[in-house]
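Visitor: I would like to look at a protein model and ask about its nonpolar side chains and aromatic rings. Where do we begin?

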Amino acid sequence: MSYDTQTPQAPQPSPAALRNGLGTTALILGIIGTVSGLIPLFFWLAGILGVIALILGLVGRGRVKRGEANNKGVTTTGAVLGLAALVLSVVGAVITFTAVSDAVDEINKAVEDAAPKDPSGKTPAAGAADDPGDQGEQGKGLAAGDTSVYDDELKVTVSKATSYSPGEFAVGHTKGNKAYQVTVVIENGGKEKFDAGLVTADARAGEDGVTAEEIFDEKVGSGFSGTILPGKKATAVFAFDAPADAGDLTVEVSPGLEHNASQWELKVG
């Protein structure tokens, strides 16, 4: 009697699971980083994602070489896109910082152009204060009829102060005080239109410099409005309320946010 015997076979080891996650992640981050790099303002995001994608892509290629992964194309593409995102981030940073620098230069230039010129045509002495009231003698305001000229050729002139009789329903006038009016003329000698709606006028009266309230009635108080074209002028009348014993009136005219205010010292009484 014979017996058939079969030699038992040893169990075959299961193939190791492929680790393709790093390559896939590198591809996704590389795509997002490259797209972000096309927008200069997002250079920082492109740089961060580009570094991560490049590192993961290189590590993923190492797994492919060791046989631990089989997505060589995906991993390589992720690493390449990560490198592209880094390059775009550098370009975007240069563009962004250049644009910011140019904007700052333009703002500084606009501020310099807004400073009023000396109507006398004299060059200020070295170290002289950059004060809008320095258009005549140092530390003194302009006189009646003087013109404050700005670097953009905007010219502001204030007349002498004359007595004013407020109407019955005037606002800003106190009984017992005196009212004075001044005429303000703005001439646009530049090449761009000027927004006159931002022009303001204020005043102080007497030695103590008390606030002289602006008077509003049917004759005065409307101020400037609209725009002034190059080569054109606009005129407005302002009235102020001052103590009866005030001997002078300081009128300050501010042409707007891009121009410093100028002051005129006017005799009253």
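Guide: This is a predicted model. We can begin with the largest nonpolar core, which has 31 residues. The members that touch the most others are Val-182, Val-184, Ile-186, Phe-224, Phe-240, Leu-249 and Val-253.

Visitor: Which strand supplies the largest share of this core?

Guide: Several strands each supply at least two residues, among them strand E3 (154-158), strand E5 (178-188) and strand E12 (248-254). The largest share is five residues, and the strand it comes from is E11.

Visitor: How is the pair of Phe-224 and Phe-238 classed?

Guide: A search of the whole structure finds two aromatic pairs. In the pair of Phe-224 and Phe-238, the ring centres are 6.1 Å apart and the planes stand at 45 degrees. Planes under 30 degrees apart count as stacked and those over 60 as edge-to-face, with the rest as tilted. At 45 degrees, therefore, the pair is tilted.

Visitor: How many residues apart in sequence are the parts that this pair ties together?

Guide: Phe-224 lies in the loop between strand E9 (213-214) and strand E10 (227-228). Phe-238 lies in strand E11 (residues 233-242), so the parts are 14 residues apart.

Visitor: Are Phe-224 and Phe-238 buried or exposed?

Guide: Buried means under 20% relative accessible area. Phe-224 and Phe-238 are both buried.

Visitor: Is Ile-39 buried, exposed or partly exposed?

Guide: Ile-39 is in the loop between helix H1 (21-37) and helix H2 (43-65). Together with residues including Leu-38, Phe-42 and Trp-44, Ile-39 makes a nonpolar surface patch of about 700 Å². Its relative accessibility is 41%, so Ile-39 counts as partly exposed.

How values were computed: Residues numbered from 1 in each chain as written. Predicted model: local features only at pLDDT ≥ 70, side-chain atom pairs only at ≥ 80, totals over all residues. Heavy atoms only, no water. Phe/Tyr/Trp six-rings, centres within 6.5 Å; stacked < 30°, edge-to-face > 60°. Helix = DSSP H or I, 4+ residues; strand = E, 2+ residues; numbered from the N terminus. Buried < 20%, exposed > 50% of the residue type's maximum accessible area, 1.4 Å probe, protein only. Patch = residues over 30% accessible without salt bridge, like charges linked within 9 Å, V, L, I, M, F, W, Y side chains within 5 Å. Areas by Shrake-Rupley, 256 points an atom, 1.4 Å probe, with all protein chains shown as cover. Salt bridge = Lys/Arg side-chain N within 4 Å of Asp/Glu carboxyl O. Core = buried A, V, L, I, M, F, W, Y, C linked by side-chain atoms within 4.5 Å.
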